[in-house]
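Colleague: I am new to this structure and would like to learn how to read it. Could you take me through it one feature at a time?

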Amino acid sequence: MQVWRQGLTDIWPRRPRDWQLKAFGEYVARLQRDFLAAVCPGGGKTVFALAVAKYLLQQGKVKKVVVISPTEALTRQWCDKAAEFGISLDPEASLRDPFKHPRQYVGVSATYQAVAAAGAAHGLCNALNIHSTFVILDEAHHTGEEKAWGDAVLKAFELARYRLLLSGTPKRSDTAKIAFATYDASPDGTERIRRNFTYGTGRGVRDFVIRRTDCRFYDAEVKEVPYGETVAISRNLSEALKRDDVSDLLRAVMAPESGWLYELMKAVHNELVAIRRTVPDAACLILADDQDKAEAYADIVKRTTGCDATVVISKDKAAKEKLETFSGTRDPYIIAVRMVSEGVDIPRLRVLVYLTRTKTELFFAQATARVVRISDPRDTDPAVIFMPSLPVLRELAQGAEDDVVHEIEELEVQTGTAPPRTEPAPPAEQGEPAVTNSTYPAQLPDDDPSDFSSIVVGPGGQMSLLPTEISVDNVALQQTLLGANAHEPYLHYQAQDVIDRYGYPQTAVGILRQLILDGLVRPPDSQPAPEAPADTPPAELADYKIRAHRRKELESLARRIARQFFDDKYASVRNQINRETGAYAQFGNNEQLKAGIEYAKEWLRRLTAGQR
């Protein structure tokens with residue numbers, strides 16, 4: 001932390017995590033051309049990479065920054081996060097001429113698929129030959145899995161000044177090599193990838209950066225009548241070992257008409273309700289195989305829980321907007337077809353339902369990573385994962401847990417002591433299913449009786465803050481927990497403070513929020529406000545978003561002028577605005593677009609007044 005205090009405050013928007021500062025120090029000390037950082041999903045590798053980018057720009061070692069990631073949604077997330085570091089990236093630039101963009105941009109953010117498009121790699125190579133560039137390859141293992149992507153990346157970024165490779169799940173074998181990674185020979189004759197810095201899942205769990213996982217396996221018995229037979233036979237998911245058996249049984253239990261799904265969703269819903277007692281915006285991600293199943297699962301969610309589910313399909317043009325909207329709401333369910341299996345940051349996801357037949361180790365790691373991020377340091381409970389009781393999935397889950405335990409044990413051996421435990425104490429009576437005819441301590445959160453004029457007297461004459469019957473099945477409480485009766489986060493934290501201090505049941509949190517809102521209960525004044533996580537700086541609006549908004553506003557004004565005064569000749573109107581202000585849609589910068597909007601408004605005012 002001494003380095004942080006003595007000169008890096010202009011690099012980091014807020015205090016970095018310990019591993020980020022250590023990795024940054026190692027990178028700066030080496031400044032080697034290729035650097036692979038293997039960081040567990042959810043660990044904060046984006047923040048580390050952008051700190052490096054800002055350092056290289058400030059030191060004059062590079063002039064441009066290029067970020068390549070797997071999906072379009074990620075390209076914009078990189079732009080948003082880069083804006084917090086004062087780095088403006090363009091997610092809409094043509095890679096055939098990547099740096100021909102408005103002056104406010106210092107680089108571009110694009111997908112691997114875009115790099116592999118015709119002419120893109122050649123254009124990037126030419127641009128990097130002119131400008132010294134820092135290239136960030138996010139989820140770099142994709143360059144080993146997709147040959148076309150890997151070949152394009154090797155050609156496009158051969159001339160980069162520095163390359164930073166990021167991955168939460170880097171390949172270890174030589175069967176599919178990652179572009180620009182270094183491989184060393186191992187005793188067994190294979191080649192293993194060289195990691196320049198590692199921050200694994202075990203360390204992330206130990207440092208309370210990510211959650212542990214609580215896997216719930218649900219078995220199913222399938223009865224079927226073989227062809228030519230008259231007697232049904234039964235087979236269980238947990239006993240399916242052959243590939244054909246697994247496929248057949250999964251197809252049966254995952255069918256939308258399967259009663260197994262309805263029973264599973266009841267258990268999922270009860271778990272999510274329990275979590276939302278203490279985390280009001282917690283959400284559940286359901287992974288589906290295809291669009292038909294996703295829409296059918298949404299219908300099951302509606303019938304089982306009464307909640308609408310957001311369905312996100314990768315080929316849907318509105319998919320990115322749906323993800324962004326869901327991220328900013330408190331809606332409880334989202335169903336996706338691989339769309340959010342990797343990289344999309346929705347920290348409020350806490351429950352995963354694994355209803356996909358994809359059973360590879362890589363996909364399993366990417367999927368579970370969506371629900372392990374810790375956004376509030378006071379909430380470190382495990383993420384809950386529901387999945388069919390298949391031997392292959394049980395092995396994957398056990399392997400992931402074994403890796404966590406092994407890494408933590410290695411850390412203990414290295415340090416010679418048990419790791420410090422800073423996990424907040426769990427709330428009192430967590431997980432209690434219901435409270436009936438409950439009585440509460442006579443001591444109240446405040447000594448002023450005027451604040452409790454509406455409080456009733458419970459059984460036995462004791463004072464009670466709550467109705468005498470509370471159940472998790474209560475409709476009003478369900479609405480509060482699931483967002484139909486929305487509330488601000490501060491109300492939840494204040495209600496939780498009352499529960500923790502005075503020992504009220506956890507099921508009372510929804511009612512307490514309403515009492516606090518109504519002024520009938522005041523939370524303990526001595527409780528400090530929760531500290532924001534170390535790596536979440538104040539949100540800044542990225543330049544590309546400002547530019548998109550101004551382009552849209554200017555287009556609307558120009559069309560209005562053309563429609564009302566120039567026989568709908570939009571091109572002529574826009575050309576005049578562009579000539580006067582430089583507010584070209586493709587190359588105009590934010591200030592020029594702003595000037596164009598002001599010019600258009602003044603022009604419209606004069607035309608409306610009968611002037612030219």
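**Reading strands, helices and cores**

Modeller: Begin with helix H14, where Leu362, Phe363, Phe364, Gln366, Ala367 and Thr368 are buried. Keep in mind that this is a predicted model.

Colleague: How many of the residues of H14 does that make, and is the helix mostly covered or mostly open?

Modeller: Six of the eight residues in H14, which spans residues 361–368, are buried, and the helix is mostly covered. As a general idea, residues three or four places apart in an α-helix point the same way, because there are 3.6 residues a turn.

Colleague: What is the general idea for a strand, and which residues of E15 lie on each side?

Modeller: Side chains in a regular strand alternate between the two faces of the sheet. In E15, Tyr333, Ile335 and Val337 lie on one side, Ile334 and Ala336 on the other, and all are buried. Because five of the five residues of E15 (residues 333–337) are buried, the strand is largely enclosed by the rest of the structure.

Colleague: Which strands are joined to E15, and by how many bridges?

Modeller: E13 (residues 283–287) runs parallel to E15 and is joined to it by four bridges. Opposite Ile334 of E15 stands Thr310. Between E14 and E15 the chain passes through helix H13 (residues 319–327), in a β-α-β crossover that is right-handed.

Colleague: Which residues have the most contacts inside the largest nonpolar core?

Modeller: They are Phe48, Phe134, Ile286, Tyr333 and Ile335, in a core of 103 residues. Helix H3 (residues 45–58) contributes the most to this core, namely nine residues. Another core, of 30 residues, lies apart from it and includes Leu95, Phe99, Leu137 and Ala140.

Colleague: What is Ile286 in contact with, leaving aside its neighbours within four places in sequence?

Modeller: Its contacts include Tyr333, Ile334, Ile335 and Ala336, and also Met265, Tyr297 and Val301. Val353 and Leu355 are on that list as well.

Colleague: How many helices and strands does the protein have, and what share of its residues is buried?

Modeller: There are 21 helices and 19 strands, and 50% of the 612 residues are buried. The accessible surface is about 29,100 Å², with 48% of it belonging to carbon and sulfur atoms. Of the contacts between residues at least 6 apart in sequence, 71% join residues at least 24 apart.

Definitions and conventions
Residues numbered from 1 in each chain as written. Predicted model: local features only at pLDDT ≥ 70, side-chain atom pairs only at ≥ 80, totals over all residues. Heavy atoms only, no water. Helix = DSSP H or I, 4+ residues; strand = E, 2+ residues; numbered from the N terminus. Buried < 20%, exposed > 50% of the residue type's maximum accessible area, 1.4 Å probe, protein only. Contact = heavy atoms within 4.5 Å. Areas by Shrake-Rupley, 256 points an atom, 1.4 Å probe, with all protein chains shown as cover. Pairing = 2+ DSSP bridges. Right-handed = clockwise from strand over helix to strand, strands pointing away. Core = buried A, V, L, I, M, F, W, Y, C linked by side-chain atoms within 4.5 Å.
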